[in-house]
Each structure stands twice: as structure tokens, then as C-alpha cells.
Amino acid sequence: MKKLAVFALLLLPFIGLAQESLIQNVNGRNHFKLNGSWNYIIDPFDNGYYDYRLNENPNGFFKNRKAKNKSDLVEYNFDTSPLMVIPSDWNTKNGQLFFYEGSVWFKKDFNYAKKAGQKTFVYFGAVNYDAKVYLNGEKIGEHIGGFTPFNFDITNKVKDGDNFLIVRVNNERIPEGVPTINADWWNYGGITREVLIVDVPEVFVEDYLIQLEKGKYDRIVGNVKLNEKVKGEEVILTIPELDIEEKLTTDENGYATFSIKAKPELWSPENPKLYEVVFTANGEEVKDQIGFKNIETRGKAIYLNDEQVFLRGICIHEEAPFRQGRAWNADDAKVLLGWAKDLGCNFVRLAHYPHNEYMVREAEKMGIMVWSEIPVYWTIHWNNEATYANAQQQLSDMIDRDKNRCAISVWSIANETPHSEARDIFLGKLASFAREKDNTRLISMAMEVTGQGNNLSKVEDNMNKYVDIISFNSYHGWYGGTIEDLAKRQWEIPYDKPFFISEFGAGALQGKHGDNDEKWTEEYQARLYKETLAMFNKVDGFAGTSPWILVDFYSPRRQLNGIQDFFNRKGIISNNGVKKKAYFELQDFYKKKAAEYK
Ligand code: GCB
């Protein structure tokens, strides 16, 4: 009993604040955005939240108090505090906050016209890491995790006329967090993605799924789910270009499924065909762009729409091209993915957390398959139930948001995790959860090389049975082993599954030239690319790669003065957008691979 109570306590932040179901495709609903200037107050000691005894203060900053008269004491004022453009990370918006990890309060005023028979939600694309949200001085919810969306029903709290929304954002790293305290990217804090006020009918299609029947090419299947368990609601599904109009009727759970005979043109990198799909219910018309494809593995090969494919990938962090800071909009996505496309990619690994929705949608339009990952990175607290619940929630939300994006080809549950029984149990549960939720995508994770003999490297991982693709990161010739060694190295990967090199790479300062055995030069990086690709190309089952990484990115772990200056320099494009020699090496390899797999 006592054990149970402790367990319940541990889970409290997750159960107590059980997340509201996500609204599918918010941009396809009636909405307006709260993008633009928000007032902010930096709060390093959290005294806007706690009193001086460190008890939660019922009259914290979220009350947005103003001095009533000249003798009244109020030690903060949102209206006179500075402004920050949202979405953004605070680190690159205010020099004082570059290294800051702690709390910042944000306030936005907005005007709202209440409508009868409507429900209203506030939707956040992402806030890193812990968001406490208040509307008109009252708490409406809390969310943990920096890269997944969440929404709160504010129907009964939003007022006709003036409203104020306050968010206390805290990005302190915590050991039991997901990610944990150690990671190789900048811990950007803030309201990093868009905030929407969404209007929907009282009973509405909260969620839907539409895709090809797994492994078939002549049937479109899926389901719709209302926000409430209402029986007998009519939902109309139309796909005008395919002459489809289906009347669905919800069951007592507010749920309906469909299975329609149809032979849509398939989505592929060569032909990224998307269809307009419309769900209509109770006067709301939700439009989406949907592509249809099948991806699967057979033995050591990957098949897209029944044709063997080589994944010509690249890893990308969600960092803005040219200006650094968090990327968040379609223009950022177009630049990053445009580079990938020019490189000859048909695949990107969005590392190490779910990127913003624009990124996935733009990839889909451009014909790029996507690997999407949760930040179960390095040494997560495998024995902590709350950590598991957090990881699973992030996985669940990642899948929920993007399950209709046919570009998504791989769900990744982790990166470079240390082997142990506890880790196997944790990751095994995550993998099973992902597969149960979506059996139409491949499941993988970035594993590590586990044995390096004289000329032989091995990859062995108990997680092999849970994944569809054996993916691993290999830094031979950079962190260990010599670059000369690559030419004669053999590999033992004892599984009848395709293998994918989810990372390899070397640091190079753009413009630094020298011999090809001199670290940090473009020549070294280019040579490492050439030899690593040649090495893996000889190994049976080599089904693709996503080298590390498209662009140099900020990382607090990279201090080498004059070379790194807080940038991880493994980009094949510099932070200023200049291509390094390795870019062209990879481009050449992908040209050959594209021809080989025609
Ligand atoms: C890795 C990590 C990645 C790092 C990279 C590096 O294996 O997965 O997050 O940034 O190595 O540059 O060391």
C-alpha cells in the first residue's frame, strides 16, 4: 500500500495534470494566432511563483497585479517589462539570456468575441521545458516536455473582450527529465512554437487518421473521434480528386471507422502527391493534405511502395539557418530541407526530438521521408516511473500530431543509450507502445557500436528484436579509431534486418584547410565521409544513412576557442550557410545511390 502511494505520488505530475487530448490539425480549424510581442519578466529565483518560504504563492505573477494607488506595493509589472517576439527562444533574443536556464514569465493580451455553441482552446506548438499556463489570473494547466504540442479547453474561462494569458516557462535541466541534464544541443528556453486560440463546435472531430491499408494499395482506411462520446453524429469525409464522399456515423464512444475502395496515386520522393481531404461535422470543415504510401522491410531491405529504397538521409537539428536559435516556421523549414534536397536526400533524420509541424509538412511537400525521434537521449533514468511516463507521453504526442503525415517513415524511440536490463525494459515498453499505436511506420532507435576489434567492429543490442531497422551511430575515425583504419574495417551486424547508419561525421571549421589527416580541416571531414561511405557500402544490408549533420549548431559542450566557439562543427554546411567539402562528397555518393536504385 505504502509502495503504491509512493508510486502514485511520483506519477502525480502526470496523472494530476492528465493531458487533454490533442486536437488534430489545429491550423485546419477556425483560429487566430498569438504570434508577436509578449511582455516578459526574467525570474531567476522563481519569486513570481514561490513566496520567501518557498511555498507556492497564491498571488504569484500570474495574477498580473497592478499597484492600485501610490502607496500600494507591487514588485513587478508586466506592462512596463520588455517585449519578446513569440515564437522564439529567449537565448538568442536577449544577450543576457544566452546561457540562462531558469524561469521566465510571458504575458500576452488578446481580445476575444465569445460565440454561443462553441468551444475554445488554447494550443501551444511547444514550450521548453515546463510550462504553467494561466488565463485571466487562473491556472488552466501545466505541461512538461519541450518539443510536443498541448492544448487546454478555455471555454469557461475566456471572457468576451479583454483577456490575458500568462505562461511561466522554466527550462532548468533535471536529472529525471526527458532529455536528462546532459545533451549535445543548446537548451533553448521559451515559447518556441506558435500559440493558437482555436474555435470549434461543442461536439467536433477532435482526431482522425487516414492512410492506406497496411501493405495494400487499393484501400483507404482510418477513423474519426469526436471530443465527446456522442452516438449518432454524422461526419462526412470527402476526397474530391478521388470522387470520394463517405457518410460516417459515430458509435457510443463518439468514434467511427472507414474502409474505402480506392487506388490513389502513391506518394514518393519522386512524386510527392498529396490529396485534399475534408472532414465535415457540425458545420466545421477540417481540410488536410494527405499522401498515401506503404513502407516495410523484408529481410535486409527497405521497401517503399513495394520498391526497394536506399535512405539517402541527413540529420538535422531544429536550429534556424543563418540566425541560430530555434527554427519554427515554414521558411526555416524550406531553407533546411532545400539544402537536404540539393544534397540528393530522399530522407531526413529530425534529431533528437520532434521538430515543429512545418518541418514535417514541408518535407512531405518536397518528397522527403522523415525519421522522427523523442529525446530519450544518453543516460535517462531508466528506473524512474515518472521518467517513463514522461517519455511515453512525448512518444504518444509525437505520433498523434504526425500520424497523418505520410512522409513519416520511422519513429525513433531513443539515441545512444547505455545497455542495462532496466534500459531494455524501458525501451522495450516504448517500442511496443509505438508499434501498438502505429504499425504502419518502421520503428528504430540510434544504437551504438558495441565491439571494436583490430579490424572488426560489431553491433549487438538486445533491442534488435523490437526494431525494424538496426540503426547505429559510428564515429570511427573521429572519437576513436584512426581514419586510415576505415579502408580495411569489417562489420558484424548479426541480424536479418536492414542496417542504417544514423550518424557518422567529423568536425570541420568551414574555411580551414590542411592535410586530410589534420583534425578540424574540411579535408579531414571530406575524407572521413568518403571512406566511411565506401566502408559501409561493402557491408550486406546497408540500407541508408543520415550523417551527422546538415548544419553546424550551438552546443554548450563545444568550447574549443577559435574552432568551435560553442558550435558543434560537424555540419557539412557552416552556421553561415557555406557548404564544406564533405557536402559535395556526400552529394556524389547520393547521386550514385539514386542511379543504383532507379
Ligand atoms: C552523437 C550524438 C549527437 C552528437 C554527436 C557528436 O553520437 O547522437 O547528438 O551531437 O554524437 O557530435 O558528438
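Domain bounds here come from an automatic or database domain assignment. On that basis the chain is divided into domain 1 (22-198), domain 2 (216-293) and domain 3 (306-596), and the C-alpha centres of domain 1 and domain 3 lie 32 Å apart. The contact between these two, where contact means heavy atoms within 4.5 Å, takes 34 residues from domain 1 and 41 residues from domain 3.

This is a predicted model, in which local features need pLDDT of at least 70 and side-chain atom pairs count only at pLDDT 80 or more, while totals for chains, interfaces and linings use all residues. Residues are numbered from 1 along each chain as its sequence is written, and side-chain values use heavy atoms, with hydrogens and water left out.

**The interface of domain 1 and domain 3**

Buried area is the accessible area (1.4 Å probe) that two parts lose on being put together, summed over both. V178, D184 and W185 supply 23% of the area that domain 1 buries against domain 3, which is more than any other three residues.

Two salt bridges are found across this interface, a salt bridge being a side-chain nitrogen of Lys or Arg within 4 Å of a carboxyl oxygen of Asp or Glu. R193 forms a salt bridge with E318, and the closest N and O atoms of this pair are 3.1 Å apart.

**Cysteines**

The structure holds zero disulfides, a disulfide being a pair of cysteine sulfur atoms within 2.5 Å.

Buried means under 20% relative accessible area, exposed over 50%, and partly exposed in between (1.4 Å probe, protein chains only). C315 counts as buried because its relative accessibility is 0%, and C406 is buried as well, with a relative accessible area of 5%.
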